[in-house]
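Please walk me through this structure in the viewer. Tell me what to select at each stop and what is there.

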Amino acid sequence: MAGRVLVFGATGGIGAALSRRLAARGAEPMLVARDAGRLRALGEAIGAPWQAADVTDAAALRAVAAAAGAPLAGLAFCVGSILLKPLARLAEADFAETFRLNALAPAMAVQAALPALTAGKASVVLFSSVAARRGFANHAAIGAAKAAVEGLAVSLAAELAPQIRVNVVAPSLTKTQLAEPLTRSPQMAEAIAKQHPLQRLGEAEDAASLADFLLSDAAGWITGQVIGVDGGRGALAGKG
Ligand SMILES: NC(=O)c1ccc[n+]([C@@H]2O[C@H](COP(=O)([O-])OP(=O)(O)OC[C@H]3O[C@@H](n4cnc5c(N)ncnc54)[C@H](OP(=O)(O)O)[C@@H]3O)[C@@H](O)[C@H]2O)c1
């Protein structure tokens, strides 16, 4: 596949690990996030172009697509949030904002890039969460939004085949800035790690390596899949 790969959330834990991998294999990442200073630093480090944009702004998404040009070989949407609150304390705005960033924004990002993605063969990778399919207390807003990402992905995979493959990476707790409130206490981090059959938290590279594979030609017959990178937490009951 020739052409750039748009990486939204490129300065985040998983997005930066993915961008470095793409650049290392000559896959031409174009970096997108809000903070221009962090984008410039990463862009200079790996020799990649960048553009600052807020993914909740549809006009900004169109400007990014125009700057990226055509054809696009891929799009990875590595932006997200973790809002943990019991239902009784969730305001309507909490649900709306969580849905907007996690589910609506990737739909609009793919829509803006569609002409460039369909100009050749392309791969789209979205990010869900272990909490989309497995129930955890206080996850109503993010669990609902990430389940929507999975529905979005299979719908787009059907609609956009055969030109565009669409797959989802579904991590469990991964040591990035996003998860910092849950991992900053060593005791809490250790307790959560023990809830995973593989007995550790995720590293950004765990999810980035699967996203890199899904974006590559080596995954050329894979579409419409949701793949857990979760230490077994999503599928296994454990030994107990
Ligand atoms: N880490 C986990 O435990 C975990 C678990 C399950 C699922 N996930 C999912 O995995 C994906 C990657 O997560 P991560 O842990 O790598 O996140 P992260 O480290 O917090 O990085 C988030 C990235 O998104 C950018 N961003 C945030 N809001 C944005 C906006 N409105 N417009 C444009 N860019 C924005 C951030 O940069 P700026 O702030 O400069 O914009 C940053 O580059 C997300 O979809 C997340 O929901 C993560």
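Predicted model: local features only at pLDDT ≥ 70, side-chain atom pairs only at ≥ 80, totals over all residues.

Select α4, residues 92-117, and α5, residues 140-160. Their axes come within 8 Å and cross at roughly 20 degrees. Angles under 35 degrees count as roughly parallel, so α4 and α5 are roughly parallel to each other. The crossing of α4 past α5 is right-handed.

Now colour the contact. On α4, pick Asp 94, Phe 95, Thr 98, Phe 99, Asn 102, Ala 103, Pro 106, Ala 107 and Val 110. On α5, pick Ala 141, Ile 142, Ala 145, Lys 146, Ala 148, Val 149, Leu 152 and Leu 156. By class, this contact of α4 with α5 holds 13 nonpolar, 2 polar and 2 charged residues.

**Next stop: α3 against α4**

From α3, select Ala 58, Leu 61, Arg 62, Ala 65 and Ala 68. From α4, select Met 108, Ala 109, Ala 112, Ala 113 and Ala 116. What classes of residue make up the contact of α3 with α4? There are 9 nonpolar, no polar and 1 charged.

**Next stop: α1 against α8**

Hide those helices. Show α1, residues 13-24, and α8, residues 204-215. The axes of α1 and α8 lie 8 Å apart, at an angle of about 50 degrees. The crossing of α1 and α8 is right-handed.

On the α1 side, select Gly 13, Ile 14, Ala 17, Leu 18, Arg 21 and Leu 22. They meet Ala 204, Glu 205, Ala 207, Ala 208, Ala 211 and Asp 212 of α8. The contact of α1 with α8 has 8 nonpolar, 1 polar and 3 charged residues.

**Next stop: the ligand**

Select the ligand and the residues around it. How many residues surround the ligand? The count is 27. The closest are Gly 9, Gly 12, Arg 34, Gly 80 and Leu 178. The shell divides into 12 nonpolar, 11 polar and 4 charged residues. Helix α1 gives the most to this shell, with 3 residues.

**Next stop: Ala 27**

Move to the loop between α1 and β2, where β2 spans 29-33. Select Ala 27 in this loop. Is Ala 27 buried or exposed? Ala 27 has 21 C-beta neighbours inside 10 Å, so it counts as buried. Leaving out residues up to four places away in sequence, Ala 27 touches Val 5, Leu 22 and Ala 73. Leu 22 is also one of the α1 residues that meet α8.

Ala 27 and Ser 129 are 102 residues apart along the chain, and their C-alpha atoms are separated by 26 Å.

**Next stop: two cis peptide bonds**

Select Ala 70 and Pro 71. The peptide bond between them is cis, with omega near -5 degrees. Pro 71 sits in the loop between α3 and β4, the strand at 72-77.

Then go to Ala 161 and Pro 162. They too are joined by a cis peptide bond, with omega about 0 degrees. Pro 162 is in the loop between α5 and β6, the strand at 164-171.

**Last stop: positive phi**

Select Asn 138, in the loop between β5 (122-127) and α5. Asn 138 is not a glycine, but its phi is positive, at about 70 degrees. With 15 other C-beta atoms within 10 Å, Asn 138 is partly exposed.

Finish at Gln 199, in the loop between α7 (186-193) and α8. What is the phi of Gln 199? Phi is near 60 degrees, a positive value in a residue other than glycine. Gln 199 has 12 C-beta neighbours inside 10 Å, so it counts as exposed.

Note on methods: Residues numbered from 1 in each chain as written. Near = placed C-beta within 6 Å. Helix = DSSP H or I, 4+ residues; strand = E, 2+ residues; numbered from the N terminus. Nonpolar A, V, L, I, M, F, W, Y, C, P; charged D, E, K, R; others polar. Axes fitted to C-alpha atoms, helices over the stretch in contact; angles between N-to-C directions. Parallel < 35°, antiparallel > 145°, perpendicular 65-115°, else oblique. Left-handed = near helix turned anticlockwise from the far one by under 90°. Contact = placed C-beta atoms within 7 Å. Buried ≥ 20, exposed ≤ 12 C-beta atoms within 10 Å, placed from the backbone.
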